[in-house]
Amino acid sequence: MSSLSVDVYPKRKKSYTWLFFLLPSIAIMLVFFVYPILLTFFYSFTNLALTGEAARELKFIGFDNYARMFQDPTVRISIWNTLIFLIGSAVIGQQVLGFLIALLMKQRNKTFRRVIGTIVLAGWVTPEIVCALCLYSFFGDEGTLNAIITFFGFSEVTWLFTVPMLTIILANIWHGTAFSMLVFQAALDDVPNEIEEAAVVDGASKWKIFTRIIVPYIKGTITTNMMLVTLQTLGVFGLIYAMTGGGPGNSTTTLPIFMYNQAFVNYQLGYGTAISLLLLLIGIVLSLLYIRSMKE
Amino acid sequence: MKSGKRGFWLVTTAVLSVSLLFGCTGGKGTPSEAGNPEPGKGGETAKKTITVTFRDDGIGENGAFYKWLKEVSASYPDKSVEIKPTPIQASEGDYFAKVALALKSKDTAPDIVTEDTFILNSDASAGYLEPLDEKLAAWEDWGNGSFIEAMKKGVTASDGKVYGVPYNTDSRGLWYNKDIFKQAGLPEDWQPKTWEDVLSAARTIKEKTPDVVPIWMNMGKATGEATSMQTYEMLLYGTGERLYDDAGSKWITKSQGILDALTFVETVNKEKLGPPLSKVLNGQAGNTASREYLPQGKLAISLDGSWITGNYMESGAAPWPEYKDVLGFAPMPTSQGQDPGSITLAGGWALSIPSHSKNIDEAWAFIQYALNKENTQKLVMASGNITVRADVAKDPEYTKMPFNEIATEYLKNAEFRPAQEKYPEVSTQIQTMVESVATGTSPADAMNKYAQDVTRIVGADHVVEK
């Protein structure tokens, strides 16, 4: 053993091979990640526009876009909507539901797991826009849901109009739950049966086993999954845009929808980039919170 | 030996990865699918390709413009150029954004683009379009009165230069279904004199024929410019108020006229005289009204544009041969019946040449041919629009088309949207304001929010309250 360590040490000292190996990925990160972010950062301080005088002459306007953002009541509404959408569909919906499905499927027979798993997975493999159209026609005025409830004698409800936020939350849950389910399935399979059995022998209740063994065991997975699902959900655009277009009014306008509207409907690209940075900031803050909670 | 092999793999991997990177960035240089296929690149005297970009609203090659373009390019005498349609399939709002993006770059700019006159001014001040004054001066048709003089205003930007050749215009009014009017005991030759007349007709319809939507106006953000122009501006201008005070060069952000217009929207929704909000706040609302509700006898009155009859022709999206007899087109009255009695707003479209076009001269030559009397007439007749050419307006074949004469007559009192660069942005605030009133916000609150937002967009020096 000792001869090996002597052998390896001088080699490490003399070379920066690791840097060389990393170069391609660093280059890719620089070109496709760092550079666009820096560019976005720069544009957020300009009056960049899609058309009109400002499109001809790019001007540096300092913090105007940010000042405007803080004064704009729609920004507050959008942040609020984004959080509701995030908590409703990602944290509570996908995470909890995905976990429950995974837990209930644990140690069931193979056929059962396969059938249920495939059904849940169907929502996930459906492309976002197809999913949006399916759920649009499900919740639509003459949609499946209304057909069902009128069959039972209830009167029609204009779901997309009366409870728009709920419809997009349900749509996102339907679309994304499978991801959490898969992650949790893998994690739960790693919980050693012996520990659980030992706990049962010691007389622990099911609830105790759940809170004291299973949850602590997969805590890391919960945090990681929370982060992934959060970041995915923060960026959801197509689903909402196709189902409600951010309306009626501003009731489903999340930050990505608001950003799109400012950039491509109002042609204010500069303002749009400032909003995108706000979105990035929210993502970073939430990720840091999750990571911190994992360390505790 | 071993380390030598490692070195080899190392270098290979690095080279491959880096070349991948170049592959990615190299992609930028190739033209996008909607753009130019780099005309005449091979030194031979290859045919020059003139690309024409226009909006396809979802019916593809069956669209009136598409068919017309095919026909005109087939008969175009100059065989050394090939006319290539490069439609953009998009909703109206998305079309303007996509066009602006395409015009920004040399790689994607088409040679000819259809521009709505409301965005033309913005695109011109962005430097996207080629001024055509010199070319127009040499074109006989432009100077000899063939084009209706008033229509040239729509293609003149704020710098006084002309940036497009108009090919159609439109007027707006109240379409109504005579069969439903008869059932409800209302006159088949309906001529409302005030807004109250319109509302009372709607109330009668609601009472007598409860299954029918009494009146449809676009009221959502999703219907974009249709909400601003067909609904709000028709109402606002009918109160005698305007969007923009030309004399003081200021946007009017608060006025009794704004309140009155919004109150009309409020009344329609409060009394449930309008369509269900879930239908009207949808991006497809305009098509739902004109292609479904109106022909199916589910809608009595529709405040809409003169072009909707284009849908009902044999080649249209919703053929309805009976429309000639069933539909009536009444002028939209002013609020109290004050002068001039009725009001309409006129818009329209033009062919422009992007400044990034590589074939400006060839494009111009084609425009002159495509918009001569004969070809313009074909286009407006197929699409159900109103002509901008005086010689077409007199042509018996054009005047015998149902509603053409009456729609053209409304243009006498026509108003245009402000030729202001900020108009498109203000317009989206109008849509927000109208939708908020439709969904229950009070007119006063909605107006205050509008005033705030418009002030932020145009600056406090450029607004006025009346």
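# A tour of chains A and B

Start by selecting B:Lys378, which is partly exposed, with 33% relative accessible area. The model is predicted. B:Lys378 forms a salt bridge with B:Glu71, and the closest N and O atoms are 3.3 Å apart. Show both helices: B:Lys378 lies in α15 of chain B and B:Glu71 in α2 (residues 64-75) of chain B, so the pair ties together parts that are 307 residues apart in sequence. B:Glu71 is also partly exposed, at 42%.

Next, move to B:Thr387, in the loop between α15 (373-383) and α16 (390-394) of chain B. Is B:Thr387 buried or exposed? With 1% relative accessibility, B:Thr387 counts as buried, because the cut-off for buried is under 20%. Leaving out residues up to four places away in sequence, B:Thr387 touches B:Ile148, B:Thr169, B:Thr376, B:Val380, B:Val392, B:Ala393 and B:Tyr398. The B:Thr387 side chain also reaches the backbone nitrogen of B:Arg389, at 3.0 Å.

Now select B:Glu149 and B:Lys152, whose side chains meet in a salt bridge (3.4 Å, N to O). B:Glu149 is exposed, with a relative accessible area of 54%, whereas B:Lys152 counts as buried at 12%.

For another loop of chain B, pick B:Gln191, between α7 (178-183) and α8 (195-208). B:Gln191 counts as partly exposed, at 39% relative accessibility.

Turn to the interface. Here 34 residues of chain A are in contact with 36 residues of chain B. About 2800 Å² is buried between the two chains, and carbon and sulfur atoms give 58% of that area. Which residues of chain A lose the most area to chain B? They are A:Leu50, A:Phe161 and A:Tyr267, together 18% of what that side buries.

Between chain A and chain B the count is three salt bridges. One to display is B:Lys279 with A:Asp141, whose side chains meet at 3.6 Å, N to O. On the side of chain A that touches chain B, the elements giving two or more residues are α2 (17-43), α3 (53-56), α5 (73-105) and α15 (255-265) of chain A. Of these, α2(A) gives the largest share, seven residues. The residues on that side divide into 20 nonpolar, eight polar and six charged. Then select A:Asp72, B:Lys449, B:Asp453 and B:Arg456, which are linked in a network of salt bridges.

Stay with chain A and select A:Glu196 and A:Lys106, a salt bridge with its closest N and O atoms 2.9 Å apart. A:Glu196 lies in helix α11 (residues 193-201) and A:Lys106 in the loop between α5 and α6 (110-125) of chain A, so the pair ties together parts that are 90 residues apart in sequence. A:Glu196 counts as buried at 15% relative accessibility, and A:Lys106 counts as buried at 11%.

Finish with the record for chain A. An unreviewed UniProt entry places "domain: ABC transmembrane type-1" at residues 80-290 of chain A. Over residues 80-290 the chain is 80% helix and 0% strand, with the end C-alpha atoms 20 Å apart. The unreviewed UniProt entry also places the feature "transmembrane region" at several stretches of chain A, including 79-103 and 222-243. Residues 79-103 are 100% helix, and their end C-alpha atoms are 33 Å apart. Residues 222-243 are 86% helix, with the end C-alpha atoms 30 Å apart.

Note on methods:
Residues numbered from 1 in each chain as written. Chains lettered and ligands numbered in written order. Predicted model: local features only at pLDDT ≥ 70, side-chain atom pairs only at ≥ 80, totals over all residues. Heavy atoms only, no water. Helix = DSSP H or I, 4+ residues; strand = E, 2+ residues; numbered from the N terminus. Buried < 20%, exposed > 50% of the residue type's maximum accessible area, 1.4 Å probe, protein only. Polar contact = N/O pair within 3.5 Å; in protein donor to acceptor, adjacent residues only side chain to side chain. Contact = heavy atoms within 4.5 Å. Buried area = accessible area lost by both parts, 1.4 Å probe. Salt bridge = Lys/Arg side-chain N within 4 Å of Asp/Glu carboxyl O. Nonpolar A, V, L, I, M, F, W, Y, C, P; charged D, E, K, R; others polar. UniProt positions renumbered as here; feature names shortened; annotations may be inferred.
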